[in-house]
Amino acid sequence: MPTAFRVMALCISMLFAGIGANAQSLPKEAAVRTEIFPIPSLTLSDQQFLSGDAAAAKPVTVAGEFRVAQGTGKLPVVVLMHGSSGVGATTEAWVHEFNAMGISTFVIDGFTGRGLTVVGPNQALLGRLNLIIDIYRSLDILAKHPRVDPDHIVLMGFSRGGQAALYASLDRFNKLWNKSGVQFAAYIPFYPDCSTTYQTDTEVAARPIRIFHGTPDDYNPVKSCKAFVERLKAAGRDVVLTEYPDSAHGFDSGLLGVNTVTVSTGAQTARNCHIREGDGGVLMNADTQAPFAYKDSCIELDPHVGGNPATAAESRKAVVDFLQALFKLG
């Protein structure tokens, strides 16, 4: 072999050896590939959602970021749904945790495509149930992806996204809006709002539901979630509520070292509202017997938010242990 060709072959072999070494030395939480997906979805009122009226809904495209974890073949996935402030830094902490486990992640941004950044000060900007449509539409994408195990997709959500993650488990909602042909393997809502009672809401998917909440949460009080969990348990559902003391709304921001609690100035909370689905999919204020609105007197302002590093670490371990058992990870 001529010298020039030997030198070229040596350079090529060194190049590929370097690439292999770099791949092997990646931090375990680093994804090997990131893909951005447009998610064709709908913007609709809660009444349209509850009545299954897609014809009057407005088409919209939201987005999802898919990070493929290190590993081969079809991998499990956690879908993450943000709260009223959009995708934030705490989501990244969870993504790194799951990717380090060999679990891919799909983070949905349900706001930017709708021209929104936050809805906390005006929750009426987006119907309470829209994010469930985005969640089901993400399943359309993941169910067909060659690197996804469609039987091992878990849904996790936070606050408004936790509410979406909780109620996405309802059989009725799946029948109305989930056309993917697959179901989530489990549901993990963090500090959701459980103040609404939907028709047949104890008929949920035969999958585990694991709720994580804080005792002093005055944004989405745990009391209403306890009541819903008791109804689910009475119906024989696989549901567990883990409650942490000294843990305000958003306590898992403690994963980033946040250890202070502050007022979320101007944010609306339905903590004193009792909302019930009435005839024709109309959400009713159960106290006034009138259609619910964010102008109702039960709506209050200025709830507290903040992190707790200790209980954030406890919840992280609980979620990791749950997923390791669910997915039978080594």
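Strand S3, helix H3 (residues 89-100) and strand S4 together form a right-handed β-α-β unit; right-handed means that, with the strands pointing away from the viewer, the path from the first strand over the helix to the second runs clockwise. Helices (H or I, at least four residues) and strands (E, at least two) are DSSP runs, numbered from the N terminus. The model is predicted, so that local features need pLDDT of at least 70 and side-chain atom pairs count only at pLDDT 80 or more, while totals for chains, interfaces and linings use all residues. Residues are numbered from 1 along each chain as its sequence is written, and side-chain values use heavy atoms, leaving out hydrogens and water.

S4 (residues 104-109) has strand partners in both senses. Strand S3 (residues 75-81) runs parallel to S4 and is joined to it by five bridges; in this pairing, Leu 80 has Val 107 as its bridge partner. Strand S2 (residues 58-68) pairs with S4 in the antiparallel sense, also over five bridges, and here Asp 109 of S4 is the partner of Ala 63. Pairing requires that DSSP find at least two bridges between two strands. S4 is mostly covered, with five of its six residues buried. Buried denotes under 20% relative accessible area, exposed over 50%, and partly exposed in between (1.4 Å probe, protein chains only).

Ser 159, in the loop between strand S5 (148-158) and helix H5 (160-167), has a positive phi near 60° although it is not glycine. Ser 159 is buried, at 8% relative accessible area. Gln 289, likewise not a glycine, has a positive phi of about 60° and lies between strands S13 (283-285) and S14 (290-291). Gln 289 is exposed, with a relative accessible area of 58%.
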